[in-house]
Amino acid sequence: MFNTSEKIIVNNKEYQIINFLGKGKGGYSYLCKYNKNYYVLKKIHHEKCDYYQFGNKIESELKDYNTLKNLNIPIPKLIDVDIQKEIIIKQYINGPTIEQLVKERKNIDKFLLQMRNICLILYKNNINIDYYPTNFVIENEQLFYIDYECNVYDEKWDFEHWGIKYWIIDQK
């Protein structure tokens, strides 16, 4: 893990770590700054994950990014990658996560509709993504999938059978 204010060199560019954003199955994500602009720096980790099998994580990230980009799924732009250091720099999407909105009991109907439209594209192409609500950020009323992970479609892991249960709360 990196520390706040630490400077990380990625392909001859010095990024300053601002804060830790979170840990996923494949890496640690940090808000960072370069030339007055904010980005997300993802450092791949190799910690064991009992419920998921990995191949080459950095190669998978790049392959998955291109798959989603070619399908016009709203994702952050890939800015840079350092394969040897296993670091990815992506566009920073500034806004609340779906998880935050759900916890605050905000109405997310328009984002559910956006998610279902994304699913139409994904399912048609035999793809699932990680539908957990921390992977979705809202910026300017647009839903972005901020992870790049995608897998072969399996009904038990699709949005309707798995993901939606984390998006919907009991309003009573």
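**Figure 1. Asn-126 and its contacts.** Leaving aside neighbours within four places in sequence, Asn-126 is in contact with Asn-151, Val-152 and Tyr-153, where contact means heavy atoms within 4.5 Å. Asn-126 sits in the loop between α3 (109-124) and β7 (127-129). Helices (H or I, at least four residues) and strands (E, at least two) are DSSP runs, numbered from the N terminus. With a relative accessible area of 43%, Asn-126 is partly exposed; buried means under 20% relative accessible area, exposed over 50%, and partly exposed in between (1.4 Å probe, protein chains only). Asn-126 and Ile-88 are 38 residues apart in sequence, and their C-alpha atoms are 26 Å apart in space. The structure is a predicted model, in which local features need pLDDT of at least 70, side-chain atom pairs count only at pLDDT 80 or more, and totals for chains, interfaces and linings use all residues. Residues are numbered from 1 along each chain as its sequence is written, and side-chain values use heavy atoms, with hydrogens and water left out.

**Figure 2. Lys-124 in helix α3.** Lys-124 lies in helix α3. This lysine counts as exposed, at 72% relative accessibility. Lys-124 and Lys-23 are 101 residues apart along the chain, and 30 Å separates their C-alpha atoms.

**Figure 3. Asn-11 and Asn-12 between β1 and β2.** Asn-11 has its place in the loop between β1 (7-10) and β2 (13-23), and Asn-12 is found in the loop between β1 and β2. Asn-12 is not a glycine either, yet its phi is positive at about 70 degrees. Most residues other than glycine have a negative phi. Asn-11 counts as partly exposed at 34% relative accessibility, whereas Asn-12 counts as exposed at 78%.

Figure 4. How many disulfides does the structure hold? The number is zero, a disulfide being a pair of cysteine sulfur atoms within 2.5 Å. For Cys-119, the closest cysteine sulfur is that of Cys-150, 13 Å away, which is too far for a bond. Cys-150 is accordingly in no disulfide. Is Cys-119 buried or exposed? Cys-119 is buried, with a relative accessible area of 2%. Cys-150 also counts as buried, at 11% relative accessibility.

**Figure 5. The protein chain as the setting of the close-up views.** The secondary structure of the protein chain comes to three helices and 10 strands. From the N terminus on, the elements run β-β-β-β-α-β-β-α-α-β-β-β-β. The C-alpha atoms fill a box of roughly 50 × 35 × 30 Å, taken along the principal axes. The protein chain has a radius of gyration of 16 Å, which agrees with the value near 16 Å for a compact globule of 172 residues; this radius is taken over C-alpha atoms, and the globule rule is 2.2 Å times the number of residues to the power 0.38. Of the 172 residues, 44% count as buried. Among contacts with a separation of 6 or more, 55% are accounted for by residues 24 or more positions apart.
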